[in-house]
Amino acid sequence: MSVWTIILAAGQGSRLAQAGLDTKKQFLHHEGAPLYWKSVRTLASVPAIKGFVFVFPPEELDACTKDVESLSSTDDLSMPCLCVAGGARRQDSVFSGLQALPKACSKVLVHDSARPFASAKLAQALISALEHGAEAAIPGLPVTDTIKVIDQDDTVTQTLNRSELRAVQTPQAFDTAALIRAHLACEKKQLSVTDDASMIEATGGAVRIVPGEAGNIKITTPEDLSMLNAQAPQTMLPCVGWGYDVHRYGAGRPFRLGGIPVDTDIEVIAHSDGDVLLHALADALLGCLGLGDIGKHFPDTDAKFEGIESSILVNEVLQEVEKKALTITHVDLTVIAQRPKLASYRERIQKNVANLLRIDKSHVNFKATTEEKLGFTGAKKGIKAVACVSAVYPANQQA
């Protein structure tokens, strides 16, 4: 899946201009770069995103293009950045960005540069929704205020059920072809909308909501500018976890590896389902967290773990990963066994582990090897696995 991001930075900033601010909000200097670049730095860390299209005011396109080239070089962005001129309306600017996308771009994020605090985790959740069949996915927050509908005389005509309401944000994620069709249909019907999801709705498409972020605030008024100072850059520290596990062959559990059943007559002796690879992975994750090993958390003396799927154990550990604000950046997995042969399972295991960890499969490496008929694996008595997990966490957060 080829995902690109359209960064909308063509607005005129009229409300800030009325307050006496000469610089458009998207060009305000923040963390050593224009404000729109903060979103680029965040979204560039999402593995699925392959490039950016920037939409700038027509009169500033040449200067902004040079700025993007310089910023991309300074940050070593290593992905294509295209710049185009915006239009009179937001939807005109989006369509201009859509026309600049390469033909290979199957999915697209549309993001307002005035929302600089959107996280990579939010973008990944939106992309995941597309991967699971959504035509469009947008972030939304529950509405906490009571919302009234009024008439021209300011008389209340209806009170809306706020449990059915969501305040939506950007980025918004779309199937590229579907969004282009929606734009063309709305242009034909002369419909003006405030966001791209409205176009999908207006043309009969379905839009999925994923949980938004309270911190994903839009800079609109002069008062909002104080948030830029409040959002100090966060230092991320690296950590590495190492996991190792062994299982003996013998009558017991059907052979599973990385959550994938393996077609073999070999069985493993184990208290749980005996997935040696996921056990090593769980140990490596716990290593990143400094929380011991799976024996401490899921002892084989506890009957409730009898025959349990190892993916459930990994999910339990991932809850601790989320609590600690740990971001998994890469996973390297190795299985050591004389038999069975595993080459044909490599892609399936890689993909399943990536889905389990909710990261792109390009950041999961899987390999299988033998010990040249040495040791217990060479004697075909068992199997072992090692896992190395690389991650980062906020400097003010204990790993």
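Modeller: Let us begin with Ser 78, which is found in the loop between α3 (61–74) and β5 (81–85); helices (H or I, at least four residues) and strands (E, at least two) are DSSP runs, numbered from the N terminus. Please keep in mind that this is a predicted model, in which local features need pLDDT of at least 70 and side-chain atom pairs count only at pLDDT 80 or more, while totals for chains, interfaces and linings use all residues. Residues are numbered from 1 along each chain as its sequence is written, and side-chain values use heavy atoms, with hydrogens and water left out.

Biologist: What phi does Ser 78 have?

Modeller: Ser 78 has a positive phi of about 60 degrees, although it is not a glycine. Most residues other than glycine have a negative phi, and most peptide bonds are trans.

Biologist: And is Ser 78 buried or exposed?

Modeller: Ser 78 is exposed, with a relative accessible area of 63%; buried means under 20%, exposed means over 50%, and partly exposed lies in between, using a 1.4 Å probe and protein chains only.

Biologist: What kind of peptide bond joins Arg 339 and Pro 340?

Modeller: That bond is cis, with an omega of about -5 degrees, and Pro 340 lies in the loop between β17 (327–336) and α12 (346–357). The peptide bond from Thr 170 to Pro 171 is cis as well, with omega near 10 degrees, and Pro 171 sits in the loop between β10 (166–168) and β11 (172–175).

Biologist: Changing topic, how many salt bridges does the structure hold?

Modeller: It holds 13, where a salt bridge is a side-chain nitrogen of Lys or Arg within 4 Å of a carboxyl oxygen of Asp or Glu. In one of them Asp 175 pairs with Lys 107, the closest N and O atoms being 3.1 Å apart. Asp 175 lies in strand β11 and Lys 107 in strand β6 (residues 107–112), so this pair ties together parts that are 68 residues apart in sequence. Lys 107 is buried, at a relative accessible area of 15%.

Biologist: Which residue does Lys 384 meet in a salt bridge?

Modeller: The partner of Lys 384 is Glu 371, at 3.1 Å from N to O. This pair links distant parts of the chain, with Lys 384 in strand β19 (residues 382–394) and Glu 371 in the loop between β18 and α13, 13 residues apart. Lys 384 is buried, with a relative accessible area of 13%, whereas Glu 371 is partly exposed at 27%.

Biologist: Which residues do salt bridges that share partners join into one network?

Modeller: Arg 89, Asp 92 and Glu 187 are joined in that way.

Biologist: Why call helix α9 largely enclosed?

Modeller: Because 13 of its 14 residues are buried, α9 is largely enclosed by the rest of the structure. Just after α9, Gly 290 takes a positive phi of about 70 degrees.

Biologist: Which residues make the nonpolar surface patch?

Modeller: Trp 242, Tyr 244, Val 246 and Phe 376 make it, over about 410 Å², an area that comes from the Shrake-Rupley method with a 1.4 Å probe. Strand β13 (residues 236–254) gives the most to this patch, with three residues; Trp 242 lies in that strand and is exposed at 58%.

Note on methods. Patch = residues over 30% accessible without salt bridge, like charges linked within 9 Å, V, L, I, M, F, W, Y side chains within 5 Å.
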